[in-house]
Amino acid sequence: MKTNTIRACIMLGISALLFASCKKDDMPPAQANTITIENVLDSKPLVESGTFQGTGTPPVILPGQSTSITFSAAKNQYFTFATMYGWSNDLFFAPENPGIKLYNDDGTPITGDVSSQIKLWDNGTRENQTPGMTVTHPGTAEATVKNIKEVNGMDDYGHTYLPASQLMNVSLAYNGNSMFTLTIKNNSGKTQNETPFSPGVWAISYVAGGDQLLPNAIYTSGQPTANGLTNIAEMGDNSVLNSYLSGLTGIFTPLSPVLIVVYNGTENPFYKVGENDRGEGLKELAQKGNADVLADALKTKPGVKNVYVLKEAASTVLLPKINGADGGKVSQVLSVVKGDRIAIATMYGFSNDWFFATTGNDIDATQKGDVSATIGLFDDGTAVNQFPGAGITQFNLAGTPLDESKPIEAVPNPNAFTTLPAISDIIKVTLQ
């Protein structure tokens with residue numbers, strides 16, 4: 001009897017070992033995958049630019065006439081423009097760099113007459129003659145091209161000029177939600193400097209870290225003219241400078257610290273299109289770039305295996321490509337098994353509450369290669385949208401988001417504000 005008991009115990013032990021061995025062999029092997037997220041945006045320094053002109057033929061702005069321009073801007077952004085003093089050889093009107101101030105220091109929009117910020121400038125490429133006497137030809141070229149210089153009452157040839165603010169009236173109206181209308185009116189009629197204004201150009205620079213990316217978009221005082229400004233100053237032709245400014249106008253945005261989630265399941269654990277923000281921290285990521293709140297919430301969810309928040313060592317955020325330099329990049333080694341999925345999220349930094357995230361069933365954690373096609377751009381529906389990079393309530397432009405409550409949806413392209421590059425031209429995700 002005792003022998004049988006011993007034999008039974010041995011058999012049970014062998015069975016348990018065989019069962020354990022079988023279970024271990026059935027477990028999918030873990031593999032190491034390195035995920036890399038890059039900001040590959042070829043950024044532009046100007047958030048907006050454009051042209052203006054009169055309504056007649058030719059399209060100049062005659063004395064008594066006006067033209068208006070509507071645009072968006074955030075605090076610390078300025079509006080600059082240039083238009084020819086028509087009855088001159090090479091004079092132009094423009095505000096002193098970086099441009100017309102649009103907000104008071106407390107963030108309230110500036111409205112009303114801002115003509116005092118306008119100056120008259122000499123392009124330095126033609127000899128000046130008596131104002132109004134050179135209507136059909138540009139005069140003679142300067143023996144030596146001079147640097148751009150303000151005309152302050154009198155030019156280098158002894159010709160006198162009224163202050164620019166007496167010839168041109170410029171006023172600002174605030175339309176709400178970061179939108180302005182600037183009106184230029186020709187007040188030169190019946191003065192000693194009566195003149196038409198030519199078609200012109202205008203621009204607004206992005207601000208990053210409190211600094212203008214291109215504070216001298218149109219001209220630089222004390223430097224030679226460039227980039228087609230001569231065509232405006234001598235002939236009133238704005239096409240060349242407009243083409244130059246258009247090439248510098250587009251998208252600039254950092255990406256916030258990146259949330260990465262490894263999970264086992266069938267649905268993204270932190271958002272779903274058509275549903276409202278769940279109040280678990282996605283709002284903080286989409287509005288402020290803070291992924292920590294959502295990361296902490298996800299760590300307690302069933303099926304979530306690992307959560308990471310990746311930051312760029314030098315600047316925390318992932319900056320875009322600037323002047324040819326590579327954009328920001330972060331990487332993380334992941335231990336994954338078959339059936340695992342990866343979800344990521346990062347803020348479109350210069351927005352009110354847009355975020356990039358994986359779509360559909362997210363990323364198969366065991367695959368290799370470029371998986372950027374799985375990324376979409378979404379509106380969290382928790383803050384009122386404004387022009388990306390030019391919104392007074394955008395957190396990363398020193399603003400406070402205006403709350404709203406709408407379902408999460410994909411950001412259309414083009415949208416109500418701008419046309420974006422392809423998502424794969426902004427964010428690149430690879431697995432190796």
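Four strands line up in an open, antiparallel sheet, in the order β17-β1-β24-β21. At its edges sit β17 (329-336) and β21 (369-370), each of which pairs on one side only. A word on terms: strands (E, at least two residues) are DSSP runs numbered from the N terminus, and two of them count as paired if DSSP finds at least two bridges between them. The model is predicted, so local features need pLDDT of at least 70 and side-chain atom pairs count only at pLDDT 80 or more, while totals for chains, interfaces and linings use all residues. Residues are numbered from 1 along each chain as its sequence is written, and side-chain values use heavy atoms, with hydrogens and water left out.

Back in that sheet, β1 (residues 31-39) and β17 run antiparallel and share 8 bridges. Within this pairing, Ile37 has Val330 of β17 as its bridge partner.

Another open sheet, again with 4 strands and antiparallel pairing, goes β3-β11-β10-β7. Here the edges are taken by β3 (66-72) and β7 (112-113), each pairing on one side only. Strands β10 (residues 168-176) and β11 (residues 179-186) are joined by 8 bridges in the antiparallel sense, and Val170 stands opposite Ile184 in β11.

Then there is β18 (residues 341-347), which is mostly covered: 6 of its 7 residues are buried (under 20% relative accessible area, with a 1.4 Å probe and protein chains only). Strand β15 (residues 258-263) runs antiparallel to β18 and is tied to it by 5 bridges; Ile260 faces Ile344 of β18 there. A hairpin of 6 linking residues leads from β18 to β19. Those two strands pair antiparallel over 3 bridges, with β19 spanning residues 354-358, and Thr346 stands opposite Phe356 in β19. β18 also has 2 antiparallel bridges to β20 (residues 363-364), where Arg341 sits opposite Asp364.

Note on methods
Buried means under 20% relative accessible area, exposed over 50%, partly exposed in between (1.4 Å probe, protein chains only).
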